[in-house]
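Hi,

Here is the structure I promised to pass on to you. Have a look at it first, then read my notes below.

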Amino acid sequence: MKKILIAGVTLLSATALSAQPQLSKDNIDEVLKAMTLEEKATLLVGSGWGSMTAGSMTASATALVPGAAGTTRTIERLGIPSTVLADGPAGLRISPRRDDDPNTYFCTGFPVGTVLASMWDTERVQELTTAMGNEVLEYGADVLLAPGMNLHRNPLCGRNFEYFSEDPFLTGKTAAAYINGIQSNGVGVSIKHFAVNNQEVNRMENDSRVSQRALRELYLKGFEIAVKEADPWIVMSSYNKLNGEYTQQSYDLLITILRSEWGFDGIVMTDWGTKDGTAKAVKAGNDLMEPGMQVEIDRIIEAVKTGEISQEELDRNVRNMLEYIVKTPRFNNYQYSNKPDLEAHAKLVREAAPEGMVLLENNGVLPLKNVKKVALYGTGSYDFIAGGTGSGNVNKPYIRNIAEGLTECGFEVNQDIQKWYEQYIAYSKTNFKNNGGLSGVLLGEAVIPEMEVKRDFMERIEEVSDIAIFTLRRNAGEGGDRYARDGDWTLTGMEREMIQNLADIYHAAGKKFVVVMNIGGVIETASWKHIPDAILLAWTPGQEGGLAVADILCGKANPSGKLPMTFPVNYLDIPSSHNFPYNYKDEHTGMWDFLWSGPKKEQKNVEYTEYKEDIYVGYRYFQTTDTPVSYPFGYGKSYTTFEYSKPVVKATADGFSATITVRNTGSAAGKEAVQLYVAAPAGGLEKPAFELKGFAKTKTLAPGEAQTLTISVSKYTLASFNEEASAWETAAGTYQVMFGANAADIRATGVYKLKKGESWVVNNVLAPAATINKISLQK
Ligand code: BGC
């Protein structure tokens, strides 16, 4: 038979074609049998990088859905179509415009991952991602490359905004809801980045060195929950190494743990970049190489011929691919509309966003009353940040800013200030060029510097305004970590001075001053949080953000978000700060290290990072060591107050269920996110003071109204990982079941008695080459 291979597609004569099996759900074995070695290798490699122009990542994706990140390859002879993979996670990322096409293809800018986790509400998350998944389907994509599930090990990781939390339980549960929402549309997700990809500096090569216990309890736990509870179609292996081996080439990670222990039955694909060792990745169960290069196909063919890859290994991966393909809308000929209901989704985003915003301070000024004229400061008030930069940046139709929102609420925004800021922003946007690495060049706008406003101007404006609001903003994104310095972690001198001046001027006149934080990740707050009358942490909550902020300020919405991470007093209080590349800037370029062909220096936190804090990440450290924090994990105020009843804890066959009644005791309607922490009995493994094992959010409770919440916790959820035995273990004894409004505000406690400890033995894999010297905990 004569075959001509053109761009990975095998063309045959019409007669030969009719004799070929055409892929269907029921003939995967037959198709697999009919495939040539070349075809099999082709299916395991994506269709490649194209021209990297703004908004479009690959040429091949351009042909199907312009701006999508990648595609799988077509094999026409066997009726195997290409499928389309597009970013995520804050909405679908595709090009908004197409050549010679008057239509637009904007996608809704949803709240970023951190905002979703701040909601503590799996139903709300699922509702949002059900809408998001509808855009994936209706714009003709098959898979959303999301959610991002890496832990907030350190607040300066540049992609934390895409990720959920410092806690693996909150991460796993939020991710499961996210996945269920997207996949309810018949499209898939690719959960990422598996695993231990917690910094951007040298992200392609960095070796995360971590103990088996921290790995199991923290860095894999969220993925485990998501896989077991939501059955994602795809897992994206990360760029980095884990204990010396690339994750995409780790059999122990991708087969032993992911498939054998957790029961994953989808496909694994690489993050976007080829590495040597394609054969090793295939053997390790990494089914798809993305974005894909011809050399990877050649390597696979060669390795099968030499016997390095066995026929079984090859067929195992190809079968996984075929099983994935038959699920996709493209295979099933779904006639997408290119017209999702963007208006309905925008409405939903505006309604939901306040539920992920966190009221940090409020001395009674909010919601605003008896004020009309607002002096609105800060570039973020007029140029709001909806989400971060990098592949997570969505091409949204617009971003609503706070000035619009306040005007819509009936306030008068001072026009002198507004015009001044608008001119400055317009000027800056044309004159400052984005300079921030890959993200800067390609994917998203740089944040323009804050505009300095002098005190005498503020004084003049004070005379004609009732209140001042200042929006503080920060952004970050893929390709770079943040900095522990002024303008990022800490305020600049100018920001500090403006906040102090505004507070002094308005307070002297008997008026109030509010700060809104339009930021993607944690910043230093301890040194200035006492200055304003209120602080609203708006995060980067999507395209309707400014309207949602205004809804909160004017009292149309009651914020019910709570922090999914700790805000420490000082950066150096965070144990991982000693093993994170926060000060690499002067010595290293980080992002582009993989292009460096010279000898490698074994540079700490660049070539490798030791996770010396072990299981003591976030509140696990701060609560166990009683280290003061600025805001604890789970913290967030409301316009109302809630009372927690005495809990009832009942043993069940599999663990316990805990019930509590929450009553709204204030005068505004509101929702409360209730957290269930468990402190283990002495006698078992050393443990943090307590850990999050459950949470629930009430519906909107009217003043006086109550709701009873029941949270079930399994014994397995209570278990910790014993490295010696390579087993999950629960100790016998009395567990404290603590209901908290946050990690430092436990409102009610019950007990659960476990008569007999249990253990679940797992494979002893992924140990670090050398023992990690752990930090010693100091109280
Ligand atoms: C990112 C992924 C993303 C992929 C495709 C990579 O650089 O790490 O999160 O899905 O690009 O855009």
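By salt bridge I mean a side-chain nitrogen of Lys or Arg within 4 Å of a carboxyl oxygen of Asp or Glu. Lys693 and Glu691 are both buried (buried is under 20% relative accessible area, exposed over 50%, partly exposed in between, with a 1.4 Å probe and protein chains only).

Before going on, a word on where this comes from. This is a predicted model, in which local features need pLDDT of at least 70 and side-chain atom pairs count only at pLDDT 80 or more, while totals for chains, interfaces and linings use all residues. Residues are numbered from 1 along each chain as its sequence is written, and side-chain values use heavy atoms, with hydrogens and water left out.

Back to the salt bridges: the structure holds 46 of them. In one, the side chains of Arg124 and Glu351 meet at 2.9 Å, N to O. Arg124 sits in helix α6 (residues 122–138) and Glu351 in helix α14 (residues 342–352), so this pair ties together parts that are 227 residues apart in sequence. (Helices, H or I with at least four residues, and strands, E with at least two, are DSSP runs numbered from the N terminus.) Arg124 is buried, with a relative accessible area of 7%, whereas Glu351 is partly exposed at 48%. These two also belong to a network of salt bridges that links Arg124, Glu127, Glu351, Glu355 and Lys671.

Another salt bridge joins Lys715 and Glu758, with 3.2 Å between the closest N and O atoms. It links distant parts of the chain, 43 residues apart: Lys715 is in helix α23 (residues 715–718) and Glu758 in strand β33 (residues 758–761). Lys715 is buried at 15% relative accessible area, and Glu758 is partly exposed at 31%.

Now for the ligand. How many residues surround the ligand? There are 13, and the closest are Asp87, His193, Tyr239, Asp271 and Glu478 (a residue counts as near if one of its heavy atoms lies within 4 Å). Oxygen atoms of the ligand come to 2.7 Å from a side-chain N or O atom of Asp271, 2.8 Å from one of Tyr239 and 2.9 Å from one of Lys192. Taken alone, the ligand exposes 310 Å², and the protein buries 97% of that (areas are from the Shrake-Rupley method with a 1.4 Å probe).

Cheers

Conventions:
A polar contact is a pair of N or O atoms within 3.5 Å; within protein, one must be able to donate a hydrogen and the other to accept it, and residues adjacent in sequence count only if both atoms are side-chain atoms.
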